[in-house]
Amino acid sequence: MMLTSEEKKQYNRHLILDKIGEEGQLKLKQAKVLVIGAGGLGCPVLQYLTAAGVGTIGIIDDDVVDQSNLQRQILYTIDDIGLSKSKTAAKRLSRLNPFVNFDVYNEKLTQKNALSLFNNYDIIVDGSDNFSTRYLVNDASVITNKPLVYGSIFKFEGQVSVLNYQGSATYRCLYPTPPKPDESPNCSEIGVLGVLPGIIGSLQANETIKIICGIGVVLANKLLIYDSLEMNQTILNYEKDTTSEVTVLENDYDFFCGIVSSEEITLEELNKNKEKYNLLDVRENGERREYHIGGQHIPLGELLERIDEVCLNKDLVVYCKSGARSSSAITTLLSSNFKSRVLNLKGGCF
């Protein structure tokens with residue numbers, strides 16, 4: 001495999017860089033990288049891997065662009081609202097670099113497709129935003145023996161590490177036990193600084209390029225913690241847990257993470273027969289004052305000690321902004337032997 005004259009123009013600044021050069025650029029051209037998620041972390045990862053000339057990039061994401069994404073997911077514009085993220089990302093990235101091939105998977109990563117997908121790539125980059133997917137991605141990477149570039153964000157802080165690299169530690173070594181559902185809110189519930197995923201995603205892209213080119217010191221067995229408010233970063237060392245062995249995927253990663261599957265109802269379905277249901281709003285006080293669709297109001301953090309207040313005379317529909325906190329609330333209710341039928345308001349209430 002050789003670089004064409006146009007590729008040499010495209011990658012000139014890499015070609016004159018002593019640790020990359022033509023040899024490193026050819027490694028990038030031959031590389032195949034799968035990016036999980038085309039959201040906050042996925043956008044900068046995809047942009048920089050595309051610009052760097054990674055030959056084949058897989059994008060898996062079943063979500064569509066929402067206006068609230070535009071604050072941080074800078075691959076998209078207001079004209080893309082409602083469109084598939086994976087398809088839109090690939091279309092826009094192909095205009096950045098026509099020498100890259102994109103594999104688009106407009107679907108959710110699951111136990112059914114993870115192993116077959118991972119086998120087609122050299123490196124996995126995790127841009128997911130929930131613990132169920134992170135454990136699935138980790139386990140599939142271990143089983144298929146693929147290095148995994150991990151990143152996560154929380155409000156003003158981010159983390160980066162390289163997992164399962166040449167026998168290094170895995171995500172289960174770093175986090176052997178998943179947090180409880182109500183202990184792990186996502187950015188739709190607590191917010192996130194818009195530039196933070198750009199910083200963390202760029203660091204993930206940097207680690208990916210280092211792995212491909214065989215340069216620098218890879219963040220294996222190391223966790224980089226970045227604080228955007230104090231503008232400092234810390235690198236912690238951690239060790240591989242030799243007693244932790246993954247040979248098969250979990251049957252249900254939501255269940256593994258303590259998330260109880262629940263029935264769902266859409267807002268349209270609810271409005272057709274609203275008198276049949278009790279409503280429970282588990283958002284915060286400020287959200288409730290701004291807008292609500294009625295019913296009782298008990299913030300998620302208070303629910304466990306106030307379960308006795310929840311009405312039992314009808315089926316209960318629990319709602320929040322996105323459907324995530326309400327799912328956690330349903331887990332709390334069911335684990336406390338709540339007697340009524342409980343449904344989750346799909347997609348939440350805006």
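In the predicted model, the side chains of Arg92 and Asp80 meet in a salt bridge, with an N to O distance of 2.7 Å. Arg92 belongs to helix α5 (residues 85-96), whereas Asp80 sits in the loop between β2 (56-60) and α5, so the pair ties together parts that are 12 residues apart in sequence. Arg92 is partly exposed, with a relative accessible area of 28%, while Asp80 is buried at 6%. In total, the count comes to 15 salt bridges.

A further pair is formed by Lys210 and Glu207, whose closest N and O atoms are 2.7 Å apart. Both residues lie in helix α10, three residues apart, or about one turn of the helix. Lys210 is buried, with a relative accessible area of 14%, and Glu207 is likewise buried, with a value of 4%. Asp281 and Arg283 also form a salt bridge, their closest N and O atoms being 2.9 Å apart. Asp281 counts as buried because its relative accessibility is 0%, and Arg283 is buried at 3%. Elsewhere, salt bridges that share partners join Asp139, Arg172 and Glu250 into one network.

Arg172, a member of that network, is also among the residues in contact with Asn138. Asn138 is located in helix α7 (residues 131-144) and, at 1% relative accessibility, counts as buried. When its neighbours within four places in sequence are left aside, the contacts of Asn138 comprise Leu148, Leu163, Thr170, Tyr171 and Arg172.

Backbone geometry was examined next. Most residues other than glycine have a negative phi. Asn221, by contrast, has a positive phi, near 60°. This residue lies in the loop between α10 and β7 (222-227) and is partly exposed, with a relative accessible area of 27%. Met231 likewise has a positive phi, near 55°. The loop between β7 and β8 (232-237) contains Met231, which is exposed, with a relative accessible area of 59%.

The structure holds zero disulfides. For Cys311, the closest cysteine sulfur is that of Cys349, at 18 Å, which is too far for a bond. The sulfur of Cys349, in turn, has its closest cysteine sulfur in Cys320, at 8.9 Å, also too far for a bond. Cys311 is partly exposed, with a relative accessible area of 32%, whereas Cys349 counts as buried at 3% relative accessibility.

At the level of the whole protein chain, 15 helices and 13 strands are present. The radius of gyration is 22 Å, close to the 20 Å that the globule rule gives for 350 residues, so the chain is as compact as a globular protein of that length. Taken along the principal axes, the C-alpha atoms fill a box of roughly 70 × 50 × 40 Å. Buried residues account for 51% of the 350 residues. Of the contacts between residues at least 6 apart in sequence, 68% join residues at least 24 apart. The accessible surface of the protein chain is about 17,200 Å², with 49% of this area belonging to carbon and sulfur atoms.

Note on methods
Residues are numbered from 1 along each chain as its sequence is written. This is a predicted model: local features need pLDDT of at least 70, side-chain atom pairs count only at pLDDT 80 or more; totals for chains, interfaces and linings use all residues. Side-chain values use heavy atoms; hydrogens and water are left out. Helices (H or I, at least four residues) and strands (E, at least two) are DSSP runs, numbered from the N terminus. Buried means under 20% relative accessible area, exposed over 50%, partly exposed in between (1.4 Å probe, protein chains only). Contact means heavy atoms within 4.5 Å. A disulfide is a pair of cysteine sulfur atoms within 2.5 Å. The radius of gyration is taken over C-alpha atoms; the globule rule is 2.2 Å times the number of residues to the power 0.38. Accessible areas come from the Shrake-Rupley method with a 1.4 Å probe; for residues, only the protein chains shown count as cover. A salt bridge is a side-chain nitrogen of Lys or Arg within 4 Å of a carboxyl oxygen of Asp or Glu.
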